[in-house]
Amino acid sequence: MSKIEQTLSIIKPDAVERNLDGQIKEMFVSNGFRIIKEKKIQIDKSEAEKFYKVHETKPFYNELCTYLSSGPIVVMKLERENAILANRKLMGSTNPKDAEEGTIRKKFGLSIDKNSVHGSDSLENANIELDFFFKI
Ligand code: GDP
């Protein structure tokens with residue numbers, strides 16, 4: 001069954017730094033996403049730690065939070081039919097080396113940490129993450 005959903009996307013520092021945000025936004029739009037809200041911001045490390053709290057026990061947590069707060073990011077509220085799954089598919093695998101042709105991470109990702117985009121992985125997390133950046 002298909003339904004209209006909203007999800008959170010982040011264009012991460014490695015992509016913003018390389019001025020890829022325009023091209024990445026174009027990929028979303030040409031794949032049927034509407035950009036409902038967007039802003040370019042830089043968060044501090046404590047905010048990144050809060051955002052990535054689900055990963056706090058992972059060995060890469062500290063590195064991940066340092067990275068996400070290392071430069072400007074573009075956060076977007078995206079809308080589409082089945083947006084959560086469609087966004088995960090368009091992003092590609094976490095490690096750009098494993099990402100499928102035509103995905104954002106295959107095209108632009110540099111490494112498992114500098115993988116250019118974040119996307120919510122469930123409806124529940126989309127709501128939490130949209131609230132975090134946009135107060136929904
Ligand atoms: P995603 O949902 O595909 O972004 O992947 P996860 O939720 O599993 O991980 C969150 C983010 O942590 C990923 O996008 C990567 O940037 C980073 N990450 C995941 N696994 C690793 C790892 O093994 N090493 C490092 N350095 N970063 C990782």
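Which element gives the largest share of the lining of the largest pocket? Select α7 (123-134): it supplies five residues, the largest share. (Helices here are DSSP runs of H or I with at least four residues, strands are runs of E with at least two, and both are numbered from the N terminus.)

A quick note before moving on: this is a predicted model, where local features need pLDDT of at least 70 and side-chain atom pairs count only at pLDDT 80 or more, while totals for chains, interfaces and linings use all residues. Residues are numbered from 1 along each chain as its sequence is written, and side-chain values use heavy atoms, with hydrogens and water left out.

Next, look at the pocket itself. On a 1 Å grid over the protein atoms alone, a pocket is an open set of points with protein on both sides within 12 Å along at least five of seven lines, where a 1.4 Å probe fits; lining residues have an atom within 4 Å of a point. Of its 28 lining residues, Y52, V54, H55, L64 and H118 lie nearest the centre.

Select K12: one of its polar side-chain atoms is 3.0 Å from a ligand oxygen. Hop to R88, where a polar side-chain atom lies 2.9 Å from a ligand oxygen. At I112, a polar backbone atom is 3.2 Å from an oxygen of the ligand.

Note on methods
A polar contact is a pair of N or O atoms within 3.5 Å; within protein, one must be able to donate a hydrogen and the other to accept it, and residues adjacent in sequence count only if both atoms are side-chain atoms.
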